[in-house]
Amino acid sequence: MSPNDRSRDRGRTEPSLGDIDRIDEPAGAPAPAPPPRVDADARRTRERVAHTDDDVAMPPPGGARARRERAAAAAAPSPERPASRRRSWLPAIIILVVIVVGALAWINQDRLRALFPRTQLNSMLDRADKALKSGDLEGHDGNSARELYEAARALEPDNDRALNGLQKVGHAELDRARQALAKGDRQQAEDALSDARELLGGGQDVDAVAAKLDAIRRSQAQIEDLIVKAQDALAEGQLTGNDGAAALYHQILDADPDNAIARHGLDKIGDVLAGQARQQLKQNDLKAAADTVAQMSQLMPNYGDLPSLRASVVQAQKQADAQVQQHLDAAKQAMSAGHFTGDGDDNALAQYRAALAVDADNAEAKAGIGHVAQALVVQAQAAIEAGSADQAAQLLDQAAKLTPKSADLAAAQSQLAALKKRQASQPAAASSASAVASDDSAPAAPASDLSPTDQAKLDKLLVRAKVAAQAGDIMSPPGACAYDLYRAALAIDGNNAKALSGLQSLTHVSEQLFTKALQSGDLDKAGEDLETIDQLDPGDSATDDLRHQLANAWLDRADKAIDQGQDGQALKALAQARKLYPDSPRLKAMYARLGGA
């Protein structure tokens, strides 16, 4: 009975490895025929006989071991059996090794399980570091630095390398937000800031970037509002001025230098202003054209047609200056010949007016008309002295049309009024003298004087006029200026010495005001004072020197503006200088310099 049979008899099944001799054979192979069974008694008999023979016979060579091998070989039923038995134990050994290894793995399963995740974690962290270094911060394909660091944290939540890596990603996102703000990319800045806040959880640096972003949002809202206002102003034709389209577009560019809408708007304004300047040049309105080009130079210095427009204005001004000079030369010749006025063009007044038709602000032509008016006043004063009131009145009327504010004119008009008053009283005086002659007993009439009321008015007007002159109120305000107050005094007493002297002194007072304004750099005020001097004393040759002083001051300002690249301001200053001193050598040189620029 086999051991398995005995186990079954005892009611217990023992595990069995099966036929380990056939472990190398495929399943289902037919079992080999069993070796022939050898009776146990016969085997023992043979072993005793062999043992006896061994004792009697001479041992063959090879010793005891050889004898045993030969005996075993003789007893073996087949020569292949020993090799098969040895092969049958090899699978058993392999299985035993597998069982032992499996048991060891089971016992150390926790340690073995940790080996694989650690290798995966390190590889993941290396990839994350590489992605961070290359700037691949965020993504959705699993290869960005943030995704890899977060995946590493999923494997090991407390891993310091992963935690530090996420902090680095957060700071890198914060830097990306700053760079986006510098470039004006608000959307990218918002996205980067949101990622940085998620990773860093806030902080002073995050708050600082958020504050800048909020300021940009508010600025963008303001820009959008300015764009609407600028477009409305442009549509209404309101181009210049503080509330004009150009100023509004410049406010937009101050906040957003690359704003395409504002730049396009300025180009449109440039086109409109350029068209205006060309039309003004066609109409020979050089002053308006120069002002328009100066505005363009200030508002849009990079406008494409600006250099050609500036050159056109300069060329037109040169041509105009030549025409004006021809008229001025002809006027001087007429003055020398005593042809002050007349019906044709061969008189000084006609030539000066022709010069002003080309250049309405030409100072020399204005002064020339003043000279004509002064000549008329001189002729009128001679007529007054001769007692020719009508002739004097005719001459003074002509002078008043030319220089109505002339102090000499005002004095002559007062003298003419006194003459007319005397002439009107002469017949009454003659009749009175005849009556006295016929009546020797009648008393002589007293000399005619001002009434106390008129004298009081006169004295008050003289005081007020002196105070106004000291305050610099020469020609304004109307009715309260020194000029008007002295004229009012002369209306009461045409020969009043204080009123005549005060009126004549206004020219000197204005010259003092001019010098003060020029020294302080207030060239506009100096120009106003010069105009006052021209009105009060249009024939004074000393005015030419003051005019040249102011012209040189404007040229100095233009020179400085050209050096600073402010062509628009330079052009304005040159226009002022040209009106005052068109023959200045400096003026021509600077125009050439500006035209070359």
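Guide: R310 is buried, because its relative accessible area is 7% (buried means under 20% relative accessible area, exposed over 50%, partly exposed in between, with a 1.4 Å probe and protein chains only). This is a predicted model, in which local features need pLDDT of at least 70 and side-chain atom pairs count only at pLDDT 80 or more, while totals for chains, interfaces and linings use all residues. Residues are numbered from 1 along each chain as its sequence is written, and side-chain values use heavy atoms, with hydrogens and water left out.

R310 belongs to helix α13, residues 306–336 (helices are DSSP runs of H or I with at least four residues, strands are runs of E with at least two, and both are numbered from the N terminus). The 31 residues of α13 should span 45 Å at 1.5 Å a residue, and its end C-alpha atoms are 45 Å apart, which agrees; the expected span is 1.5 Å times one less than the number of residues. Just after α13, G338 has a positive phi of about 80°.

Leaving out residues up to four places away in sequence, R310 touches V293, S297, D567, L571 and L594 (contact means heavy atoms within 4.5 Å). Two of these partners, D567 and L571, are among the buried residues of α23. Helix α23 covers residues 567–580, and its 14 residues reach 20 Å from first C-alpha to last, close to the 20 Å expected at 1.5 Å a residue. This helix is mostly covered, with 11 of its 14 residues buried.

L574, another buried residue of α23, is also a member of the largest nonpolar core (a set of buried Ala, Val, Leu, Ile, Met, Phe, Trp, Tyr and Cys residues joined through side-chain atoms within 4.5 Å). Of the 60 residues in this core, those that touch the most other members are Y249, I269, M296, M300, F514, L550 and L574. Helix α22, residues 542–563, supplies the largest share of this core, 9 residues. Apart from this core lies another, of 31 residues, including Y352, A355, L376 and A389. In soluble globular proteins, nonpolar side chains tend to be buried together.

M296, one of the core residues named above, contacts G270, L273, A274, P301, Y303, L306 and L309, leaving aside its neighbours within four places in sequence.
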